[in-house]
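Colleague: I have the structure open and some time to talk. Can you walk me through it?

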Amino acid sequence: MTTAAIPTASNLKESWLPMIAIALGQALMSFNVASLPVALSGMVHSFNVPPTTVATGIVMYSLAVAAFVMLGGKLTQRFGALHVFRAVVLLFGGAQVLMTFSPTANLMLTAQLLAGLAGAALVPSLVALIANEYHGQQQAAALGALGSARAGAGVLAFLIGGVLGTYIGWRPAFGILIVVSAVVLLLSFKLKPTKSRPEVQIDLFGVLLTAAAITLISFGFNNLNRWGLGLARDAAPFDLLGMSPAPFMIVIGVVLLQAFIVWTRRRTAAGKTPLLALEVVSSPSERAAVYAMFAVVALEGALNFSVPLYIQIIQGRTPIETAIAMMPFNLTVFFTAMLIIKLYDKLTPQQIGRWGFVLCTIALLWLAWVVRNDWSAPVVMIGLIVFGIGQGSLVTLLFNVLVTASPKELAGDVGSLRGTTNNLAAAVGTAFSGALLVGLLSAFILGSLGQHPELKAELQSQIDLDNNITFVSNERLLTALESTNVSPEQIKEAVRINEEARLRALKIGLLIMSALSLLAIFPAGRLPNYKPGEIPANPPLPKPKREEALEGP
């Protein structure tokens, strides 16, 4: 086992120039998806839609990336990472034109779908470009820079989106991405040429299986609250013997993912190109890295949706106040993702992974305990900072574990796996948090109204409580109630009940998130436990089983 050589200072200075284009490519995607929560109140006002519709935009983007990123990986291999990179940057820029000028919520969702399709090919091309440009310790630093670019774009999205959203509107924040896309396209000519592999086959049936599986899982989670967790609600498009289709979609999606794995093994055994090389998850430590990555990104998605929801919709604050409240978290993720590589020669991945999830769990428990109606309180900032340390260290570490364990030839497959995991996790985390919080809110409000039968009967006769309970500010609730025949005393009581239920739902939601974070410590315990200096610079390609059998023991 060889140790990666450290490049000279002169080579290092020259070699980092192409990283600007690669990092900005990552920043494009991250800025886009991070801007959506900041623009939450602006879009709700512009399109006259509930907050969950904006969450659907996040899900649409993440769904498109997760469903087609494996196809993007194969396109990267077949046509060359550099050609694919340039083509999808153009597509992403076009999607942002539609996003910036979209007059309706449906066109906004379409723009996010197109951006997601571009991201599906952009994600694996970034990893392949890094593998083509950098090696050894320099590659680890480049991967850390890619993680920092993701976090840094999130910081800028909250800052720029917050300022523009408060004083101008939410649209200019997405208009900036049109210009950045053009800059990235120009900078791409600083990258080294990449080889195309025309012999790589596209597994269309595999694409169909993964797209169907991920779509069903994402839509199932996204509609748990609207369609019903058990019994079907009126909003459900259909029912299965009175049951909601949402949980059935999730189950069928998981089954289709298992079918994809079986199909991929058969295709590999037949000597054909699989949609995903299963060698990148052949060891228990690699699979543990995938599980842990899914967990931490899902938790990040849940927190990134919950906090802006509470600040903007419940408290009625401006986007810039949301940006300020989230700034400690985003800055912490940015610096942690960049600096965690300094610990790689002192701590094993297993140790960093365990401590990362311990920090996330402690942070979520702390938030559940201290959160009140003011997210700017210093005690809340402490919780966000601690979570940012855990999340930033985990994302960079887990990505590095996967890239390090695979040869350069499988870099595109590692990128595909990372993209599928990250974006499916983000979609599931966002959808799960929305369904969880609204479900808890509905249960608490209906439970409290049960103690006031006259108020409940009066409201139920004029408002469909079973389908219309959602997160709203006191101002909007008062406006809605004043149009009913409810007495002023009953309106005051209804506002009090709603206010208490919102805070209680948030606290219980954070407790559930902390429990999930605690469970993620178990896969983190199966991460590699190698000592400093033992990481191979370029692992060899796994030998086919038939060849291993011929060689003998």
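Colleague: Start with the pair at R197. What do the side chains of R197 and E199 form?

Modeller: They meet in a salt bridge, with N and O 3.4 Å apart. A salt bridge here is a side-chain nitrogen of Lys or Arg within 4 Å of a carboxyl oxygen of Asp or Glu. This is a predicted model; local features need pLDDT of at least 70, side-chain atom pairs count only at pLDDT 80 or more, and totals for chains, interfaces and linings use all residues. Residues are numbered from 1 along each chain as its sequence is written, and side-chain values use heavy atoms, with hydrogens and water left out.

Colleague: Is E199 buried or exposed?

Modeller: E199 counts as exposed because its relative accessibility is 53%. R197 has 33%, so R197 is partly exposed. The cut-offs are under 20% relative accessible area for buried, over 50% for exposed, and partly exposed in between (1.4 Å probe, protein chains only).

Colleague: How many salt bridges are there in the whole structure?

Modeller: The search finds 2. The other pairing is R267 with D203, where the closest N and O atoms are 3.9 Å apart. R267 sits in helix α11 (residues 245-269) and D203 in the loop between α8 (171-187) and α9 (204-222), so the bridge ties together parts that are 64 residues apart in sequence. Helices (H or I, at least four residues) and strands (E, at least two) are DSSP runs, numbered from the N terminus.

Colleague: And are R267 and D203 buried or exposed?

Modeller: R267 is buried, at 12% relative accessible area. D203 is buried too, at 2%.

Colleague: Zoom out. How many helices and strands does the chain have?

Modeller: There are 22 helices and 0 strands. The chain has 553 residues, and 56% of them are buried. Take contacts between residues at least 6 apart in sequence: 83% of them join residues at least 24 apart. A contact means heavy atoms within 4.5 Å.

Colleague: Pick a helix. What about the span of α15?

Modeller: Helix α15 covers residues 378-404, which is 27 residues. At 1.5 Å a residue the helix should span 39 Å, and its end C-alpha atoms are 39 Å apart, so the two agree. The expected span is 1.5 Å times one less than the number of residues. In α15, 21 of the 27 residues are buried.

Colleague: Which residues does I389 touch?

Modeller: I389 lies in α15. Leaving out residues up to four places away in sequence, I389 touches T332, T336 and L359. L359 is 30 residues away in sequence, yet the C-alpha atoms are 7.4 Å apart. I389 counts as partly exposed because its relative accessibility is 34%.

Colleague: Now α9. What does V207 touch?

Modeller: V207, in helix α9, touches F68, L71 and L275, again not counting residues up to four places away. V207 is buried, since its relative accessibility is 9%.

Colleague: New topic: the surface. Which residues make the nonpolar patch?

Modeller: L231, F238, L240, M243, F248 and I252 make a patch of about 550 Å². Patches use residues with over 30% relative accessible area and no salt bridge: like charges are joined within 9 Å, nonpolar side chains (Val, Leu, Ile, Met, Phe, Trp, Tyr) within 5 Å. L240 is in the loop between α10 (224-227) and α11. L240 is partly exposed, at 34% relative accessibility.

Colleague: Last one. What is the mean pLDDT of the chain?

Modeller: The mean is 78, and 82% of the residues reach 70 or more. pLDDT is the predictor's confidence in each residue, from 0 to 100. Over residues 1-14 the pLDDT is below 50, and that stretch has 18 contacts beyond near neighbours in sequence. Residues 532-553 also stay under 50, with 29 contacts beyond four places in sequence. Where pLDDT is low, the predicted coordinates should not be read in detail.

Methods
Accessible areas come from the Shrake-Rupley method with a 1.4 Å probe; for residues, only the protein chains shown count as cover.
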